[in-house]
Amino acid sequence: VVLWQPVTAFIKFFRDGMFEASSGQDKVKRLKQRRYDDLTASRADLVETSIEATFEPLVQGYIIFPSIIQLTTAIYESIEMKDGHLKIGLKINTLELVQLWSIISSILSLAWTYSDLTSTKKHLQLDICVSPVSRILMCIWMILQITARLLAFMLFAVYWGPGCLYPLMIFAAVHTVLAGILHVVFSEDMAFWRQGKYLKFFFFVILNSFASMYFHNYLRFDEMPNAKLLQIAGT
């Protein structure tokens with residue numbers, strides 16, 4: 001599990017090199033395998049980010065939210081323009097800096113991995129090197145939506161008074177369960193349950209329920225149907 005992401009990244013790098021070095025019919029055959037490798041690598045990043053960064057901003061945001069105005073003022077006062085020279089001196093302590101970095105890095109990670117999966121589904125036409133403006137705009141949209149939902153969560157938590165984090169955790173758990181139920185009802189994953197593929201079924205349901213915490217997602221991982229998958233979907 002620990003080596004899953006670097007191993008998939010190495011395999012993707014190796015297969016990309018083989019694809020670029022091939023030609024003719026061999027390159028056509030490798031194109032489908034490259035598509036599978038791109039999806040696998042993107043899934044690995046998405047799974048890790050969803051597990052690590054979904055609930056981290058909730059906890060860290062709840063801790064620093066009551067003092068967010070003081071933090072914003074301190075950051076503003078840390079940047080000073082004097083005699084044509086820009087001076088930056090942070091006036092926040094190390095713990096607050098680490099908490100802010102935790103929240104910002106989680107938001108950026110979520111936005112980047114979800115936009116990367118979208119780009120992969122579009123055959124890398126939204127890659128940062130192919131269409132940088134479209135990719136940046138998509139990331140900005142995701143960052144704003146995550147930030148807005150996170151702010152709503154913080155206001156909900158503050159309503160219950162200081163030190164009462166459990167209502168937010170209960171709400172997050174209920175939200176996750178409800179999203180999982182809706183995914184089961186409106187997706188085709190019940191076909192995997194009927195075929196006895198229970199691990200795959202629970203994996204898809206749980207990950208989609210986590211992925212819907214900040215904005216609606218419908219993550220389909222079998223993007224290139226084969227004969228076996230079509231048989232499952234038709235049952």
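This is a predicted model: local features need pLDDT of at least 70, side-chain atom pairs count only at pLDDT 80 or more; totals for chains, interfaces and linings use all residues.
A pocket here is an open set of points on a 1 Å grid over the protein atoms alone, with protein on both sides within 12 Å along at least five of seven lines, and its lining residues have an atom within 4 Å of a point. Residues are numbered from 1 along each chain as its sequence is written, and side-chain values use heavy atoms, leaving out hydrogens and water.

**The largest pocket**
- The largest pocket holds about 280 Å³ of space, a volume being the space filled by probe spheres set on grid points joined across faces, edges and corners.
- Among its lining residues are Gly 61, Ile 64, Phe 65, Leu 100, Ile 104, Thr 147 and Met 154.
- At least two lining residues come from each of α3, α5 and α6 (132-159); helices are DSSP runs (H or I, at least four residues) numbered from the N terminus.
- The lining has ten nonpolar, two polar and no charged residues, where Ala, Val, Leu, Ile, Met, Phe, Trp, Tyr, Cys and Pro count as nonpolar, Asp, Glu, Lys and Arg as charged, and the others, Gly among them, as polar.

**The largest cavity**
- A search of the whole structure turns up one cavity of 30 Å³ or more, a cavity being a set of points where a 1.4 Å probe fits but cannot get out.
- Leu 110, Tyr 114, Ile 146, Phe 210, Ala 211, Tyr 214 and Phe 215 line the largest cavity, and they divide into seven nonpolar, no polar and no charged.
- Both α5 (94-121) and α9 (198-211) supply at least two residues of this lining.

**Helix α9**
- Buried residues of α9 include Phe 201, Phe 204, Leu 207 and Ala 211 (buried means under 20% relative accessible area, exposed over 50%, partly exposed in between, with a 1.4 Å probe and protein chains only).
- These buried residues of α9 pack against α2, α5, α7 (166-186) and α8 (190-194).

**Phe 55**
- Phe 55 sits in the loop between α2 (24-53) and α3 (56-64), and counts as partly exposed because its relative accessibility is 27%.
- Beyond its neighbours within four places in sequence, Phe 55 is in contact with Ala 172, Thr 176, Phe 210 and Met 213 (contact means heavy atoms within 4.5 Å).
- Phe 55 and Ala 172 are 117 residues apart in sequence, yet 8.7 Å apart in space, C-alpha to C-alpha.
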